[in-house]
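Dear colleague,

Please find below the structure that I am handing over to you. My findings follow it, arranged from the overall description to a single residue.

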Amino acid sequence: MASIANDQGGRRRIQFVAPDGSRKAIRLGKVSQRFAEGVKLRIEHLLAARMTGGAPDADTARWVA
């Protein structure tokens, strides 16, 4: 659902398709691959909750807060 893109200068961004069908990107800046993968996982959890109409799990809700 989401992917990690590498920009020039070692910057990373998360790209995903929003529930309305538009492509979105969240720029993370210069972060490690491991950190970017963690953020990508959280975004995927949020997207899944939005698409199913449910609430995100407690851990993801705490992360957003």
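Accessible areas in this message come from the Shrake-Rupley method with a 1.4 Å probe. On that basis, the accessible surface of the protein comes to about 4600 Å², and carbon and sulfur atoms hold 51% of it. Please note that the model is a predicted one.

Overall description. The protein contains 2 helices and 3 strands, and its elements follow the order β-β-β-α-α from the N terminus. Along the principal axes, the C-alpha trace spans about 40 × 25 × 15 Å. Of the 65 residues, 20% count as buried. Among contacts with a separation of 6 or more, 27% are made by residues 24 or more positions apart.

The sheet. The 3 strands form an open sheet in the order β1-β2-β3, and the pairing is antiparallel. Since β1 and β3 stand at the edges and each has a single partner strand, one side of each is left without a neighbour in the sheet. Neighbouring strands are turned by 25° against each other on average, with direction ignored. Between β2 and β3, which run antiparallel, there are 6 bridges; Arg12 stands opposite Gly29 in β3. Helix α1 packs on this sheet and touches β1, β2 and β3, its direction making about 20° with that of β2.

Helix α1. This helix covers residues 33–52, and at 1.5 Å a residue its 20 residues should span 28 Å; the end C-alpha atoms are 29 Å apart, which agrees. The buried residues of α1 are Ala36, Val39, Ile43, Glu44, Leu47 and Ala49. Their cover includes the strands β1 (2–6), β2 (12–17) and β3 (23–29), as well as helix α2 (58–64). Just after α1, Gly53 takes a positive phi of about 80°.

Thr60. This residue is found in helix α2. Is Thr60 buried or exposed? The cut-off for a buried residue is under 20% relative accessible area, and Thr60, at 1% relative accessibility, therefore counts as buried. Leaving aside neighbours within four places in sequence, Thr60 is in contact with Arg42, His45 and Leu46. With His45 there is also a polar contact between the two side chains, at 3.4 Å.

With kind regards

Methods:
Residues numbered from 1 in each chain as written. Predicted model: local features only at pLDDT ≥ 70, side-chain atom pairs only at ≥ 80, totals over all residues. Heavy atoms only, no water. Helix = DSSP H or I, 4+ residues; strand = E, 2+ residues; numbered from the N terminus. Expected span 1.5 Å × (residues − 1). Buried < 20%, exposed > 50% of the residue type's maximum accessible area, 1.4 Å probe, protein only. Contact = heavy atoms within 4.5 Å. Polar contact = N/O pair within 3.5 Å; in protein donor to acceptor, adjacent residues only side chain to side chain. Pairing = 2+ DSSP bridges. Axes fitted to C-alpha atoms, helices over the stretch in contact; angles between N-to-C directions.
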